[in-house]
Protein chains: 2
Amino acid sequence: MPGPLEGVKVLSFARALAGPYTTMVLCDLGAEVVKIEEPGKGDIARLNGPFIDGISSYFLSVNRGQNSITLNLRDEQAKKIIFELVKKVDILVENFRPGVMERLGFSYEEITKLNPKIIYASVSGFGQKGPYALKPAFDMIAQGIGGTVSITGEPGRPPVRVGFSIGDIGAALFAAIAILAALHEREKSGKGQWIDVAMMDSQVALCENAYARYFATGEIPRPLGSRHPLMTPFQIFPTKDEYIVLITLFEEDWRKFCRVVGREDLLSDGRFQSHSDRISNYHAFEPLMIELMKTKTTAKWIGLLEPAGIMCGPVNNIAQVVNDPHVQEREMIVEVEHPRVGKLKVTGTPMKFNRTPCKIEKACPDVGEHTMEILCGMLGMSPEDVEKLRKEGAI
Amino acid sequence: MPGPLEGVKVLSFARALAGPYTTMVLCDLGAEVVKIEEPGKGDIARLNGPFIDGISSYFLSVNRGQNSITLNLRDEQAKKIIFELVKKVDILVENFRPGVMERLGFSYEEITKLNPKIIYASVSGFGQKGPYALKPAFDMIAQGIGGTVSITGEPGRPPVRVGFSIGDIGAALFAAIAILAALHEREKSGKGQWIDVAMMDSQVALCENAYARYFATGEIPRPLGSRHPLMTPFQIFPTKDEYIVLITLFEEDWRKFCRVVGREDLLSDGRFQSHSDRISNYHAFEPLMIELMKTKTTAKWIGLLEPAGIMCGPVNNIAQVVNDPHVQEREMIVEVEHPRVGKLKVTGTPMKFNRTPCKIEKACPDVGEHTMEILCGMLGMSPEDVEKLRKEGAI
């Protein structure tokens with residue numbers, strides 16, 4: 001059974017992360033992605049290690065399943081091929097800096113003349129308009145300028161980045177949503193449109209609650225380590241061996257906790273009666289909790305607390321997640337097939353459909369692996385035409 | 001001009017965060033969302049402060065634009081109303097723990113009998129199947145168990161959570177994408193389906209690069225503060241007043257940096273020639289860089305480095321982002337109208353369309369604000385019918 005986007009065609013000018021993560025999501029859902037790469041070199045992300053038999057694990061992770069065609073974007077014959085491909089696809093994704101597509105001759109205006117139904121998605125650091133539009137951006141620039149870094153880390157310590165590239169990936173997810181919303185609208189109107197998604201804007205949308213708190217109080221939200229601003233215990237504690245996430249939501253949860261851990265004495269301690277008492281007396285509460293939680297391993301604590309209805313969980317490292325039976329049953333680690341290298345592991349998709357499930361089966365392409373197939377198949381060229389283009393440096 | 005999902009109808013059983021963020025995204029795009037709330041109390045998120053004139057800023061932020069109907073889910077008359085509403089909508093979103101919808105009589109099987117075209121989206125901590133399916137989850141539980149916490153924070157320090165609720169919001173974004181992909185597929189097949197998105201699964205998909213590195217090397221990725229694993233300087237440094245994100249990508253960027261900051265002497269220092277030299281000698285490199293970067297304010301550094309082509313940016317706090325001219329021009333802070341309270345600020349949407357722009361204009365509803373309108377408008381009841389239901393405790 002094919003995925004829900006079977007039959008949808010995407011032309012991708014994307015490189016590095018935000019654009020390719022967008023097209024990966026569409027590809028996971030069953031769309032056919034034609035990724036344009038520079039002859040010889042390909043996407044710069046192919047240079048990012050670590051490598052498995054010469055394949056960039058960084059590139060593999062977000063380009064699995066996609067098809068690669070090499071085209072020299074400055075060559076006139078290659079440009080004509082792009083104009084032909086544009087007529088065959090539903091969606092175009094690019095994440096150049098604003099202005100680059102126009103200089104190459106592929107502006108929204110030009111492309112839409114050839115295919116008025118195309119959904120043209122531009123993903124960039126700061127968007128197509130606004131005073132910062134032409135500034136370059138990397139994940140950490142977006143995380144820093146959009147406020148995300150300012151609320152992540154420990155109080156009184158230097159700010160830290162979110163440990164994965166939410167600067168890029170946040171924008172990629174909003175771009176995928178916007179593309180599919182435009183695809184839906186096209187069914188009625190018959191018209192495509194231009195989508196503009198910025199990494200900085202996406203950080204603001206993701207951190208909505210910090211903004212909401214600021215609008216309500218005028219106080220600037222600060223990093224809290226792992227603590228909750230209004231409740232405690234609601235944080236990560238060290239245990240005998242690792243860490244544990246421990247959450248008491250209602251006051252009854254705290255009373256349950258005290259009974260289960262054999263510390264009924266705390267129930268009558270005036271300093272610790274309510275969430276607000278415990279927060280007011282946190283200087284006394286924290287050392288007491290740390291000492292207590294260090295008396296058992298994470299697994300022992302979860303075995304004790306979970307059956308009692310206390311919400312808790314481990315702080316898994318990446319290897320622990322990979323080997324987790326739930327993760328395996330959910331198919332969140334899958335194997336893809338690479339023609340040269342064989343089976344390679346990648347993360348799966350969290351989008352599970354009962355009737356049209358996603359299938360992640362193919363590895364990432366080699367540079368230009370599908371050039372012949374695309375030019376002959378989609379555009380009806382002959383192998384001789386393709387060879388000629390290759391000799392002339394167009395592909 | 002309406003948003004791209006104009007005419008799409010959503011029935012929402014969502015509460016707290018993951019479900020409401022999903023329906024918020026659909027609502028921002030122009031869908032009509034009917035949110036079912038418990039009579040009198042409403043969504044538990046309404047209890048989360050801080051409050052503005054009695055309105056929860058937490059609730060406002062993710063429920064702007066939605067319509068609220070009160071229905072007592074255990075009342076037989078209310079159940080019949082839900083069965084009627086189900087026939088009128090395209091999409092159902094729920095984020096109860098698996099099994100709850102079934103016990104209430106609203107399982108996918110039951111709902112699809114009434115509306116075979118419905119797209120039924122279940123967002124949960126661990127998904128509908130798998131050994132952890134019935135465990136409860138909160139944002140931080142998902143961040144901890146899915147590996148996100150293990151790669152966020154400073155090396156050698158306790159793990160920290162991502163400062164916004166990526167556990168919930170990650171799942172919400174994947175759910176929105178899956179719903180729209182299913183909506184597209186329905187245009188061809190005429191059939192709906194059941195979507196199952198888990199918070200834990202979504203963390204794995206977001207942290208794909210950490211998993212990719214682990215698969216390539218077998219080394220468990222660890223938090224790096226704000227540093228890049230392979231390049232330096234590529235991190236956040238303190239300045240005279242605040243912090244700065246500083247990125248040198250190519251070796252030429254480092255040489256440019258040294259010249260611009262007047263430290264050509266470093267160019268001939270054998271310890272700092274290449275990214276790998278600087279990483280090997282980081283114990284000497286870091287104090288030198290900290291001392292250097294502390295000599296000017298963030299604004300001065302950006303004024304000097306940016307024109308020279310060195311990628312850099314501020315670490316803005318939430319107030320700085322709100323007052324940023326770019327953010328204002330991008331309409332990432334917008335005002336919504338509340339009938340009682342007047343204008344309230346919320347974050348905007350990063351999804352910008354040239355032809356069918358999103359409009360965020362309405363505040364969050366009061367509990368049951370639209371009960372009469374929905375029952376009379378969508379279901380054709382009379383105001384007397386509605387009053388009778390109210391007296392009988394159904395709504």
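In which sense, parallel or antiparallel, do strand β1 and strand β2 of chain B pair, and over how many bridges?

Author: This is a predicted model, in which local features need pLDDT of at least 70 and side-chain atom pairs count only at pLDDT 80 or more, while totals for chains, interfaces and linings use all residues. Residues are numbered from 1 along each chain as its sequence is written, and chains are lettered from A and ligands numbered from 1 in the order in which they are written.

Strand β1 (residues 9-12) and strand β2 (residues 32-37) of chain B pair in the parallel sense, over four bridges. Two strands count as paired if DSSP finds at least two bridges between them; strands (E, at least two residues) and helices (H or I, at least four residues) are DSSP runs, numbered from the N terminus. Within this pair, K9(B) has E32(B) as its bridge partner, and V10(B) stands opposite V33(B). From β1(B) the chain passes through helix α1 (residues 18-28) of chain B to reach β2(B), a β-α-β crossover that is right-handed: with the strands pointing away from the viewer, the path from the first strand over the helix to the second runs clockwise.

β1(B) also runs parallel to strand β6 (residues 91-94) of chain B, to which three bridges join it. There, L11(B) stands opposite L92(B).

These strands belong to an open sheet of seven strands with mixed pairing, in the order β14(A)-β8(B)-β7(B)-β6(B)-β1(B)-β2(B)-β5(B). The edges are β14 of chain A and β5 (67-70) of chain B; each has a single partner strand, so one side of each is left without a neighbour in the sheet.

Strand β14 (residues 352-353) of chain A pairs with strand β8 (residues 193-198) of chain B in the antiparallel sense over two bridges, and K352(A) stands opposite D196(B).

The contact between the chains takes 117 residues from chain A and 117 residues from chain B, two residues being in contact if their C-beta atoms, placed from the backbone, lie within 7 Å. On the side of chain A, helix α7 (residues 166-189) gives the largest share, 15 residues.

A rotation of 180° with 0.0 Å of shift along its axis superposes chain A on chain B (RMSD 0.0 Å), by least squares on the C-alpha atoms of residues with pLDDT of at least 70 in both. That is the relation of a two-fold axis.
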